[in-house]
Amino acid sequence: NVPVITIDGPSGVGKGTLAQYLTCKTGFHLLDSGAIYRALAFGAVKNAIALDDVPGLVKLAETLPVEFKATSILYEGEDVTSKVRTEEVAGVASTVAVIPEVRAALLQRQKDFAELPGLVADGRDMGTVVFPASPVKLYLTASAEVRAERRVKQLKNQGIDANIAQITQDIKERDERDTGRKTAPLRPAEDAIVIDTSDLDIQEVCRKAESLLWE
Ligand code: CDP
């Protein structure tokens, strides 16, 4: 019985940073499930698999050659960390993530991350689908505008110039696909603790989560 802390929510809400903070605090493993969807998107583009070729995408998902090493994402052994972090890859990821067969093909792979001493799982359906029995479920929200601003800053730190209007539009489109899809739509689990981060900086988010978890 491996303890799992799930963190779900839309794009740019600070899940990744909170997840990393909590893994440091607990010594738990980390599942960045979005990176798996991004790796699938990267592989689909690389292998010229059409985004409506369900059998092709499922086959790739079943044998996805992605590995996580420290903070790097490897695809067929190549470090693709920055390549999968682009908004283009994110768009493709959210498109293939709509397909139920693709989600099913990635399910066991995600569950396998739950190893002792525990797991912090970051994604869209960690609390609702992948780890529904998790005793600790967090759900982060914030307005699309606030999230777009954060994403622009984050991209700037990576040396990528981003246009705020474009990013806001991308985020809204991705939100629509994530919340509107039939399989595993983005929503808080019934027993999730919802944290609105619109007026909190990342340190405040971490402190708030910590106080909810341990006090
Ligand atoms: O970094 P950001 O939150 O923008 O995206 P991500 O977590 O890397 O996920 C990229 C895309 O993968 C999302 O827009 C979702 O459509 C999809 N995804 C999903 O469907 N289920 C998950 N558990 C994680 C990601």
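**Reading the fold and the ligand shell**

Guide: One begins with the inventory of elements. In this predicted model, the chain holds 10 helices and eight strands.

Visitor: How compact is the chain?

Guide: One compares the radius of gyration with a rule for globules. Here the radius of gyration is 16 Å, close to the 17 Å that the globule rule gives for 215 residues, so the chain is as compact as a globular protein of that length. The C-alpha trace spans about 50 × 45 × 35 Å along its principal axes, and buried residues make up 39% of the 215 residues.

Visitor: Which residues are closest to the ligand?

Guide: One lists the shell, then asks which elements supply it. The ligand is surrounded by 15 residues, of which Ser11, Gly34, Ser94, Ala97 and Gly123 are the closest. Two or more residues of this shell come from each of α2 (33-46), α5 (87-96) and α9 (164-180). The largest share, four residues, is that of α2. By class, the shell divides into four nonpolar, six polar and five charged residues.

Visitor: Which residues of α2 and α5 meet?

Guide: From α2, Tyr37, Arg38, Leu40, Ala41, Phe42, Ala44 and Val45 meet Val89, Ala90, Val92, Ala93 and Val96 of α5. This contact has 11 nonpolar residues, one charged residue and no polar ones.

Definitions and conventions
Residues are numbered from 1 along each chain as its sequence is written. This is a predicted model: local features need pLDDT of at least 70, side-chain atom pairs count only at pLDDT 80 or more; totals for chains, interfaces and linings use all residues. The radius of gyration is taken over C-alpha atoms; the globule rule is 2.2 Å times the number of residues to the power 0.38. A residue is buried if 20 or more other C-beta atoms lie within 10 Å of its own, exposed if 12 or fewer, and partly exposed in between; C-beta atoms are placed from the backbone. A residue is near a molecule or strand if its C-beta atom, placed from the backbone, lies within 6 Å of it. Ala, Val, Leu, Ile, Met, Phe, Trp, Tyr, Cys and Pro count as nonpolar, Asp, Glu, Lys and Arg as charged, and the others, Gly among them, as polar. Two residues are in contact if their C-beta atoms, placed from the backbone, lie within 7 Å.
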